[in-house]
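Subject: A structure for you to look at

Hi there,

Here is the structure I promised to pass on. Have a look at it first, and then read my notes below.

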Amino acid sequence: MIILKSPEEIEKMRIANQIVARALKTLKEMVKPGMTTEELDRAAEEIILAAGARPSFKGYRGFPASLCASINSEVVHGIPGKRRLKEGDIISLDLGTEYEGYYGDAAITVAVGKVSPEANRLMDVTRESLYKGIEQAKEGKHLSDISHAIQAHAEAAGFSVVTDFVGHGIGTKPHEDPQVPNYGPKGVGPILKSGMVLAIEPMINAGTHYVEVLDDDWTVVTRDGKLSAHFEHSIAITRNGADVLSELVAY
Ligand code: MG
């Protein structure tokens, strides 16, 4: 069942998501060769706690950290640790918060120093795919119009869409109905309505779309070892189109 949110609830979710957005901006500025993903995790947790929120990934189904840090061929759910970033790596930073009972969730992929043209193109196309999906997030459209727009843009660029993991509704739980796939035909699935809040999160691979989970039971990697990128926004559907709750507002 898709739970519609009131304007007051959406404002709480905006706060949760703005805390995520501010933390991601700080992490993006911190990322440099030689640092560990553990340092990024610690910084993220400090920012979230200082803002009066809770890092919602920590402890979720036993996940041990506040941040998901996924490097190069890692797609999502990478566990922060002692691994040091190297010049030329790309890293997906995925972060969630809970603020007064409401959840925020967003992700970016960033370059570590100078990266290859292919890595830059993959990141650009993945971010663009997210915004192509957000453009379709309007009252009266079908859910799969979002999915289709993401897939069409990524595949037109020669990349592949991860199908084993999808976006989701979000609200008083970190994952709610509906699932939001990043692929599919247009014009099917639920009709979008004001008050729906969705976390849209394309995971786009440079090579095959097949993925595997490592022995740590968390880290998802591409089967062919090629690069993967991931961008995510939490958006509310309103009468005036998508309200991107996790887009950083100047403050
Ligand atoms: Mg998510």
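A helix axis here is a line fitted to C-alpha atoms over the stretch in contact, and angles run from 0 to 180 degrees between N-to-C directions. Helices (H or I, at least four residues) and strands (E, at least two) are DSSP runs, numbered from the N terminus. With that in hand, helix α1 (residues 7-30) packs against helix α2 (residues 37-50) at about 145°, the axes being 10 Å apart. Residues in contact (heavy atoms within 4.5 Å) include Ile19 and Leu27 of α1 and Leu40 and Ile47 of α2.

This is a predicted model: local features need pLDDT of at least 70, and side-chain atom pairs count only at pLDDT 80 or more, while totals for chains, interfaces and linings use all residues. Residues are numbered from 1 along each chain as its sequence is written, and side-chain values use heavy atoms, with hydrogens and water left out.

Next, the metal. Which residues coordinate the magnesium ion? They are Asp105 (OD), His168 (NE2), Glu201 (OE) and Glu232 (OE), at 2.2 to 2.4 Å. Donors are N, O and S atoms within 2.8 Å of the metal (3.2 Å for Na, K and Ca); water is not among the atoms, so sites may look incomplete. Along the chain, the donors follow the spacing D-x62-H-x32-E-x30-E. His168 lies in strand β7 (residues 167-169) and Glu232 in the loop between β13 (228-230) and β14 (233-238), so this pair ties together parts 64 residues apart in sequence. His168 and Glu232 are both buried (under 20% relative accessible area; exposed is over 50%, partly exposed in between; 1.4 Å probe, protein chains only).

Enjoy exploring!
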